[in-house]
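Please find below a colleague's note on the structure. The points are numbered so that each can be taken up separately.

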There are 2 protein chains.
Amino acid sequence: MSAPEAAPSGEHLRAAGERPALVARTRGPVHVIGAGLLGASVGLGLRERGVDVTLEDLSPTTVALAADYGAGRVRTASDESPVLVVIATPPDVTADVVERALRTYPDAVVTDVASVKLAPFTELKRRGIDLAKYVGSHPMAGRERGGAIMARADLFVGRPWVICRDGETPADALALVEAVALDLGGVLMEMTPEEHDRSVGLVSHLPQVVSSLLAARLVPASEQAIGLAGGGLRDTTRVASSDPELWVQILGANSAPVVELLDAFSADVAAFADALRDPARTGARRRIADLLSAGNNGVSRIPGKHGSSERFTQITVLIDDSPGQLAKLLTELGELGINMEDLRLEHSPGAQIGFAEIAVLPEVAERAVADLVERGWRTL
Amino acid sequence: MSAPEAAPSGEHLRAAGERPALVARTRGPVHVIGAGLLGASVGLGLRERGVDVTLEDLSPTTVALAADYGAGRVRTASDESPVLVVIATPPDVTADVVERALRTYPDAVVTDVASVKLAPFTELKRRGIDLAKYVGSHPMAGRERGGAIMARADLFVGRPWVICRDGETPADALALVEAVALDLGGVLMEMTPEEHDRSVGLVSHLPQVVSSLLAARLVPASEQAIGLAGGGLRDTTRVASSDPELWVQILGANSAPVVELLDAFSADVAAFADALRDPARTGARRRIADLLSAGNNGVSRIPGKHGSSERFTQITVLIDDSPGQLAKLLTELGELGINMEDLRLEHSPGAQIGFAEIAVLPEVAERAVADLVERGWRTL
């Protein structure tokens, strides 16, 4: 297995779509424990590839719902032993469920998709469990709302899927978990549990906490101040609407790296405040500019939706704030043969006017603007 | 003038689009000093309404470029005195330019569009300048890139336009500045310079610094860690790509409120780290959940399209990833009489499928879903 640093091109994804499921080559069903968003999405994706999937959940309603959605069938005592068990329970019970699965299905390979990896691993080792058949994994996919009803077969397509294994994991066990990840369209990355937890601490957990704390500052703010909010505030606080209960679990299970990051970040903010406290002091402006420039450099490292944020050009079109207008715009884009890669509607508070932000390939951007203007649209 | 807490309805904007420019009723040109993004946009917008605009800039190239773009004509010594001077220079020279304009054109009303308001005001008062003809203002508009070539006649349409006046500003001077703001499509808000600076400190300057510092943390990160970046990180660090030079000026001119906010925020982050340091301690998880919930509450206060983001229900519709499909969906929504309050398109990288997230009024959500499903759409 390779551990690609950058996500590979779409090539292997298209290839994955055409070839038979890797997992289907094995005998016996895949058993999914926990039929929420992730578990049901694993089931839907594998069912779509013709894999036999059985489902289990503490909640009879949840498991029945997931089965109704086509994520698999509810497991019964008469079912044959699974070849693979995928555990998609909340992170705080992952270790317990892994242990139980290893005992219940001694011939199966067991994996989990929890968003923290070191804590379950450490707990399982502490209990003296034989982990030869356990491979931890974490697909970097999710949605703001959870539950089987939000599940989709393509949830993992093109997303990094981290594999964390023990040094002694047999090659065939590892290959099976990789096969599921590839069948579901994931992009394999291999890390140690420590590397994984530090990495998600930086790119996911720290931004979550920072965004939440920033949004919390708005609670006591005046209506007037809030009325001046623009796109910058909306972007920086968007993830602050995430589910607190889930995040208490995630952060609690990855506290050491996150605390370290928060301590450092708190010091960063304090240092910035110190530089700004007397901006006329020699060197203060230089220091502030350097910190802001470092932000420029950091943001430029983040890969975009399709590999690089630079791949698309944004066109902003002014529209009347009515569904008919936007439909007309999109119909005309279709007529003009302009393929829209992304769309975002932005609106001015209180104004009967909106802005459609359309992402197109750079090579068509100029023509798209010219064509739209010729048809009477106003672009920014 | 009223100082609406929520932006007024679109009524006055439609009206503004139809009635003759308020500013045109006055005699004499409007003179714009500083022909960058904001100054040239003011010029373009007023020219479009038939107002005579003269331009001035320290850079002969910039002013010629703005004139070429149609933002007005370069001012010469033989031009008649302006009735209004709009100053759109960088914030660090605003006070100097206001003073000079008040002396050069003693009959004109003078305004500026700088993004900080207290520092120029204080400096002008310190110099003993008579401010009877000065009204500070700040249109909440901008673009990521500056310069006359990015200027737009409709840059201010639907955006809040803050007016900061001295208690003794004569009504006719105030009315003239409000007329320009309305002519350019802005939504008037009145604040004291202190209120303005504290407000933009919270909703604009603090998020900018936080986003920059968060992005700066990515500079030393491993490729592997960056490879796990998702939408949350992209959203929270988007504004970190802003121009450091401009922001050094803005932050330097609003240092007192921003330092106060940064000190408090640094303490918030440290307190969160403390709660997370021993998550198993009694009360720690509750404390973490409370802080995350406060983030939920804060983000819900940010106005969306028509006032409050809590006002709408989200419907997610599965669509083929093609412009024709989305246009069809929006056309059908129009046919069904369902008014869409907001729209966001999401799609899975590499997948030929997309999700249209549509915000509708809660009372129509259920019917909208039923109608869409009946027409063969898949909703989540």
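1. Basis. The model is predicted, and local features are taken only where pLDDT is at least 70. Side-chain atom pairs count only at pLDDT 80 or more.

2. Chain A on its own. The secondary structure of chain A amounts to 14 helices and twelve strands. The chain has 380 residues, and 56% of them count as buried. Of the contacts in chain A that join residues at least 6 apart in sequence, 71% are between residues at least 24 apart.

3. Extent of the interface. Three residues, Gln224(A), Leu228(A) and Arg301(A), supply 7% of what chain A buries against chain B, more than any other three residues.

4. Polar side of the interface. Nine salt bridges are found across the interface of chain A and chain B. Polar contacts between the two chains come to 23 residue pairs, with both residues at pLDDT 80 or more.

5. Arg301(A). Which residue of chain B forms a salt bridge with Arg301(A)? The partner is Glu223(B), with 3.3 Å between the closest N and O atoms. Arg301(A) is also one of the three residues named above for their share of the area that chain A buries against chain B.

6. Arg378(A) and Asp154(B). These two residues form a salt bridge in which the closest N and O atoms are 3.2 Å apart. The pair crosses between chains: Arg378(A) is in strand β12 (residues 378-379) of chain A, and Asp154(B) is in the loop between β6 and β7 (160-164) of chain B. Arg378(A) has a relative accessible area of 41%, so it counts as partly exposed. Asp154(B), at 2%, is buried.

7. Thr237(B). This residue is placed in helix α9 (residues 231-237) of chain B. Is Thr237(B) buried or exposed? Its relative accessible area is 0%, and because buried means under 20%, Thr237(B) counts as buried. Leaving aside residues up to four places away in sequence, Thr237(B) touches Val299(A) and Ile302(A) in chain A, and Ser211(B), Leu214(B) and Ala215(B) in chain B.

8. Salt bridges within chain A. Over all chains the structure holds 45 salt bridges. One of them joins the side chains of Arg152(A) and Asp154(A), at 3.1 Å from N to O. Arg152(A) has a relative accessible area of 6% and is therefore buried; Asp154(A), at 12%, also counts as buried. Another salt bridge is formed by Glu190(A) and Arg165(A), at 2.5 Å from N to O. This pair links distant parts of the chain, 25 residues apart: Glu190(A) lies in strand β8 (residues 187-190) of chain A, and Arg165(A) in the loop between β7 (160-164) and α6 (171-183) of chain A. Arg165(A) is partly exposed, with a relative accessible area of 33%.

9. A salt-bridge network. Asp96(A), Glu99(A), Arg103(A), Glu123(A), Arg126(A) and Arg127(A) are joined into one network by salt bridges that share partners.

10. Aromatic pairs. Four aromatic pairs are present over all chains. One of them is Phe121(B) with Tyr134(B): the ring centres are 5.6 Å apart and the planes stand at 50°, so the pair is tilted. Why does this pair tie together parts that are 13 residues apart in sequence? The reason is that Phe121(B) lies in helix α5 (residues 118-126) of chain B, while Tyr134(B) lies in strand β6 (residues 134-139) of chain B. Both Phe121(B) and Tyr134(B) are buried.

11. A further aromatic pair. Phe156(B) and Trp161(B) also form a tilted pair, with 5.1 Å from centre to centre and 55° between the planes. Phe156(B) is buried, at a relative accessible area of 1%. Trp161(B) is buried as well, at 2%.

Definitions and conventions:
Residues are numbered from 1 along each chain as its sequence is written. Chains are lettered from A and ligands numbered from 1 in the order in which they are written. Side-chain values use heavy atoms; hydrogens and water are left out. Buried area is the accessible area (1.4 Å probe) that two parts lose on being put together, summed over both. A salt bridge is a side-chain nitrogen of Lys or Arg within 4 Å of a carboxyl oxygen of Asp or Glu. A polar contact is a pair of N or O atoms within 3.5 Å; within protein, one must be able to donate a hydrogen and the other to accept it, and residues adjacent in sequence count only if both atoms are side-chain atoms. Rings of Phe, Tyr and Trp (its six-membered ring) pair if their centres lie within 6.5 Å; planes under 30 degrees apart count as stacked, over 60 as edge-to-face and the rest as tilted. Helices (H or I, at least four residues) and strands (E, at least two) are DSSP runs, numbered from the N terminus. Buried means under 20% relative accessible area, exposed over 50%, partly exposed in between (1.4 Å probe, protein chains only). Contact means heavy atoms within 4.5 Å.
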